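Open the model in your viewer and keep the selection tool ready. We will go stop by stop.

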There are 2 protein chains.
Amino acid sequence: MDTDTILEGLLKENNSKIVMVVMDGLGDIRSPEFDNKTPLEYANTPNLDALAKESVCGRHIPVMPGITPGSGPGHLGIFGYNPLEVVIGRGVLEAVGLGIELKHGDVAARANFATLDGDGIICDRRAGRISTEKNKELCGILSRIKEIDGVKVTVEPGKGHRFVVVLRGDNLNPAVDDTDPQHEGHAPLQAKPQKEEAVFTAGIINKFVERARVLLQEQQPANGMLLRGISSRPKIPGLKERFKLEAAAIASYPMYRGIADLLGMTLLTAPDTIEGLFKAYIEFHNKYDFFFIHVKGTDQAGEDGEFLTKVDVIEKVDRALPILYEKRPNVLAITGDHSSPCPMYSHSWHPVPVLLNSQFSGTDDAVRFTENQCNIGGLGFFESRHLMTVLLANALRLDKYGA
Amino acid sequence: MDTDTILEGLLKENNSKIVMVVMDGLGDIRSPEFDNKTPLEYANTPNLDALAKESVCGRHIPVMPGITPGSGPGHLGIFGYNPLEVVIGRGVLEAVGLGIELKHGDVAARANFATLDGDGIICDRRAGRISTEKNKELCGILSRIKEIDGVKVTVEPGKGHRFVVVLRGDNLNPAVDDTDPQHEGHAPLQAKPQKEEAVFTAGIINKFVERARVLLQEQQPANGMLLRGISSRPKIPGLKERFKLEAAAIASYPMYRGIADLLGMTLLTAPDTIEGLFKAYIEFHNKYDFFFIHVKGTDQAGEDGEFLTKVDVIEKVDRALPILYEKRPNVLAITGDHSSPCPMYSHSWHPVPVLLNSQFSGTDDAVRFTENQCNIGGLGFFESRHLMTVLLANALRLDKYGA
């Protein structure tokens, strides 16, 4: 029996407020050059320490032991979805993240501007990482392609060399391979359908790439493009249907706003500072049951191997924490969506520390919120997809199972 | 692959004795007014402390993280059954608990006496919690209804306002909704069949309720009844079939005797004291492989929020513990079926502490048997349904899996 089936009949509604602060890529491993500590261990975090003493801690495992998740699976897990069952295409993620309202049946692709040589061979997969300004200009040019064989085409610039292409029309199917060969020194691939039903869509994509090539031929360095993650909006029941939660997302980065949107969360305006994120919760406290607050800096620092930057973001969260207490949520969880250890310069498989505070969370012997204190916590080690159930339990939103 | 399939071919028999002491609702969270300790932390338990040092500890999760189990799912878990797959109806639990021998095909309902006003509206779902004596008298009156349309009717009093109705006959089907609307201010519901095959049974139940109403009309306050958990004995392979264990239950409360009976355990006479429960094990030591010893007091105290009463029950178990050592079982487990934290006055989802002692259990760094010492135990956090397998392993009753 899966989580949905169990929760059916157990879920009840009340006025409780649940806040999940997601410090992206929070988990880490110890760095010998910094007193052999992790960023959480190294940081000065009086507020988190005090909270840890009144809370229950543990570590969650995003997909399964040893599996490193991308941002999609990482977030799906902490929102109660099985990331092995629910898959969101990268094109879809990018599109909704840019504020494009995707309808079911639309096909979205993540695109890079690239540099092609005279023979059409890729010499730079990222077109010298052109500026976002230049990107906007080029997408303006590509937007002259409004329709192909009755299919509406939308081109939307992202950051740097990235943009999104969305197709809308009848009979589209996203089962089309990437045109990105993933290596320089090759020509971009033709869009290849993975099955009969996608032949039409692959044809549209190839026509789009051809027309774009003509439009871009005078451009340098961005005279070509590569498409990846061709996908359609998945049919995922949102947090309202699954958990009876009116959910809001306070996240500023497109990717996370996109995920939140796919899960039916309302996207609130998210300021750039951590204080601002927490104040947005205070402002909207009365209007939603569940708040997803996304802090990006920890992941960026981890991926850049910037230990002290990660420490700084953690300390900023610590200093801002009392803002949340102005309208103390009934259930407060502080965690990450995955680990991004500084020594690895990347996402990783390491279990993610989590702190959970509620009137009935109980406490344990963890005296700080760190990876290794979480190892002795009362939540133990558990799959991320169970976190939402535990939050609902702490919010007294679940009835007893069986007599 | 499920547990059954794995155990098939691995199970072997020997003369080992396994004792599982189940302190119902044992797990707890810390209470600020009692030195910020849990009852296990607060209690003076020299014998359990000494045993913890020679044992391996851990915490088990009855259903899945965040799910609060009833007594049925809680016990099914620790006896090695998946509580999401094996479901025992409440009517069946109550009936077998009262010593009624249920045959396959019988239909049992849990019943409450209730008070109805002049318009037939429920004004008290528990009929003022009448005495067990009065209950017996009223069930005596209802027992005049011996048969309806060829179906034999049995009415058996429980405690307070509760009783059980059992139907025996051909073509019965338990797929019938409760007649209890769960709220006062409504009339009792008609018994409604959930499918065609249950129309006959629903009819019998409605006729029973009608006749009962006539018999009870002069009674105050118990002039009505509400039926719940209409169900039939499930087909569950017992501990003998599943684990090759001759099992005995030393439990005094109906519910737990009922569960033990459904799982094929022999029900031994259970005295009221904890010493008595442990002495019963000594008496029957030679006759069974597995002993389920049920201590109810911890759960009652938890549900009543009586911290010191829970401490007292724990200390009683501690003092009585050496009785078990007179015929030391090869494997001794001390645990609960779920948590019932005093601050919550109810069952909860919190993982349950478990201590396991055998010649080969190993030891860990836990120096007391408490929730938080169990967090650092060598068993880790695991689903309750795996506990039996670990007991069998410690009893050397399982062969190696694979070459």
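Which residues does A:F292 touch, not counting residues up to four places away in sequence? Select A:F292 and look around. This is a predicted model. A:F292 touches A:M20, A:V22, A:A247, A:A249, A:I250, A:A251, A:A260 and A:M265.

Now widen the view. A:F292 is part of the largest nonpolar core, which has 124 residues. A:F292 is among those with the most contacts inside this core, along with A:M20, A:I250, A:F291, A:I293 and A:A333.

Next, colour chain A by domain. Domain 1 takes in 3-86 + 237-394. Domain 2 covers 93-231. The centres of the two domains, taken over C-alpha atoms, are 34 Å apart. Where they meet, 8 residues of domain 1 are in contact with 4 residues of domain 2. Select helix α9 of chain A, residues 254-262. Helix α9 gives the most to the domain 1 side of this contact, with 7 residues. That side divides into 4 nonpolar, 2 polar and 2 charged residues.

Last stop: show both chains. Chain A superposes on chain B by a rotation of 126° with 0.1 Å of shift along the axis, at an RMSD of 0.1 Å. The two copies are thus related as by a three-fold rotation axis. Select A:I376. In chain A, its C-alpha is the nearest to the axis, 3.3 Å away. The copies use different surfaces: 13% of chain A's contact residues recur in chain B.

Technical notes
Residues numbered from 1 in each chain as written. Chains lettered and ligands numbered in written order. Predicted model: local features only at pLDDT ≥ 70, side-chain atom pairs only at ≥ 80, totals over all residues. Core = buried A, V, L, I, M, F, W, Y, C linked by C-beta atoms within 7 Å. Buried ≥ 20, exposed ≤ 12 C-beta atoms within 10 Å, placed from the backbone. Contact = placed C-beta atoms within 7 Å. Least-squares fit on C-alpha atoms with pLDDT ≥ 70 in both. Domains from an automatic or database assignment. Helix = DSSP H or I, 4+ residues; strand = E, 2+ residues; numbered from the N terminus. Nonpolar A, V, L, I, M, F, W, Y, C, P; charged D, E, K, R; others polar.
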